[in-house]
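I opened the model to look up a few local features and the ligand site. My entries follow in the order in which I made them.

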Amino acid sequence: MPQPLPESDLLVVHEEVLEALDAGVGVVALESTILAHGLPHPDNIEIGARIEDAVRSGGSVPATIAVLDGVVHIGLGEQEVERVCTDPDIAKLSVRDVGVAAALGLSGATTVASTSALAHLAGIRVFATGGLGGVHRGASETFDVSADLGVIASTPVLVVCAGVKSILDVAGTLETLETLSVPVLGYRTDAFPGFYLSDSGQPVPWRVESAAEAARVVVARARLGTDAAGVVLANPLPVDRQVERSLHDRLVEEGLALLEREGVHGKDVTPRLLEYFHESSGGESLRANVELVLSNALLAGEVAAEVAAQSAAQSAAQSVGAGAAPA
Ligand code: PSU
Ligand code: MN
């Protein structure tokens, strides 16, 4: 079990989250970048609350993570979520930015990378998001590879996501995850999902059929000590809920052209694309985005509850074994 970081003037853990961790109840970390930079205001406030409710429906306690006035918060109250959703100047913080924001007393939303790293510090083992960052198309020239990948490679947190968007180089992203020793599990699927699409056209190396099975992977990796990296659990939208193929292809093509035209790069790429999709899909990209995030939060809630239960059973079995051993 990871040892939770003690609280300090730089980091506070919400009381309910702390109690859940102490009691061995499942906890699911949630990122705040999707709220601040991935979903339109003011819908993001209500969606944020629904994501937390979905984690609870899965049997776990949600911990949305953000940096507010230089303090890392593991778990946000209602007003804090509203602040993240409303402040137009809130920064997007990857891991490298968190210490800077803390030192300068700034506020920011956390990405998959920083949310995973901070969740791990707090002793949280499961994390739900929409889509993972990855290798961008043309990365061999631009070097644009999301820090999400490198951080997952060194952080033992299971990330539930709907794969990556097809604006990325999906095959290159999967190759990189293999190189970085990050296992990718398909949840009831053999196909790696493509965010808006149920199937990106790439296969997943492994398939699990239940939350309990995904949790067993986490527990077995910890017991063997082969858990330096995290795990990606890829949860596709049902085929009848995906974005229609022709609309999808038009959005991707137009979105990539727009980036080129506007000279957008670096950390602004994903927020700008999402904004464009939401504006020009007649609500369809937002509908799919919300559905997949809620589905991921529910599944993560179930997996975290299972990880907690299986870890407790494992510790109990170990102490019985130790007690029965001859002196
Ligand atoms: N993918 C999405 N929606 C998002 C993101 C990714 O479908 O909002 C966000 C996540 O916070 C992710 C970040 O960690 O974008 C990756 O950004 P970059 O590519 O700049 O590392
Ligand atoms: Mn990038």
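**Entry 1: a loop proline.** I began with Pro42, which lies in the loop between H2 and H3. Helices (H or I, at least four residues) and strands (E, at least two) are DSSP runs, numbered from the N terminus. The peptide bond between His41 and Pro42 is cis, with omega at about 5°. Most peptide bonds are trans, and most residues other than glycine have a negative phi.

**Entry 2: ground rules.** I noted that this is a predicted model, in which local features need pLDDT of at least 70, side-chain atom pairs count only at pLDDT 80 or more, and totals for chains, interfaces and linings use all residues. Residues are numbered from 1 along each chain as its sequence is written, chains are lettered from A and ligands numbered from 1 in the order in which they are written, and side-chain values use heavy atoms, with hydrogens and water left out.

**Entry 3: positive phi.** Asp69 is not a glycine, yet has a positive phi of about 50°. I found Asp69 in the loop between strand S3 (61-68) and strand S4 (71-74). Its relative accessible area is 47%, so Asp69 is partly exposed. The classes I used are buried for under 20% relative accessible area, exposed for over 50%, and partly exposed in between (1.4 Å probe, protein chains only).

Phe195 also has a positive phi, near 60°, and is a residue other than glycine. Phe195 sits in the loop between S10 and strand S11 (197-203). At a relative accessible area of 3%, Phe195 is buried.

Entry 4: Which residue did I check between S9 and S10? I checked Thr189, in the loop between strand S9 (184-187) and strand S10 (191-194). Thr189 counts as buried at 11% relative accessibility. A polar atom of the Thr189 side chain lies 3.0 Å from the backbone nitrogen of Ala191. I take a polar contact as a pair of N or O atoms within 3.5 Å; within protein, one must be able to donate a hydrogen and the other to accept it, and residues adjacent in sequence count only if both atoms are side-chain atoms.

**Entry 5: helix H6.** How many residues of H6 are buried? I read seven of the ten in helix H6 (residues 112-121), which is mostly covered. The buried residues are Val112, Ala113, Ser114, Thr115, Ser116, Leu118 and Ala119. At the N-terminal end, Thr111 caps H6, with a side-chain oxygen 3.2 Å from the backbone nitrogen of Ala113. Just after H6, Gly123 has a positive phi of about 90°.

Within H6, Thr115 is buried at a relative accessible area of 0%. Its C-alpha is 7.2 Å from that of Ala29, although Thr115 and Ala29 are 86 residues apart in sequence.

I also checked Leu149 in helix H8 (residues 147-152). Leu149 is buried, with a relative accessible area of 1%. The C-alpha atoms of Leu149 and Ala113 are separated by 7.6 Å, and the two residues are 36 apart along the chain.

**Entry 6: ligand 1.** What surrounds ligand 1? I found 15 residues around ligand 1, the closest being Glu31, Val112, Ser146, Asp148 and Lys165. A residue is near a molecule if one of its heavy atoms lies within 4 Å of it. Helix H2 (33-38) and helix H12 (269-280) each give at least two residues to the shell around ligand 1.

Next I read the distances to oxygen atoms of ligand 1. A polar side-chain atom of Glu31 lies 2.6 Å from one. From Ser146, a side-chain N or O atom is 2.7 Å from an oxygen atom of ligand 1. Val112 comes to 2.8 Å through a backbone N or O atom. Taken alone, ligand 1 exposes 480 Å², and the protein buries 92% of that. These areas come from the Shrake-Rupley method with a 1.4 Å probe; for residues, only the protein chains shown count as cover.

**Entry 7: cysteines.** I counted zero disulfides, a disulfide being a pair of cysteine sulfur atoms within 2.5 Å. Cys85 is buried, with a relative accessible area of 5%. Cys161 is buried too, at 0% relative accessibility.
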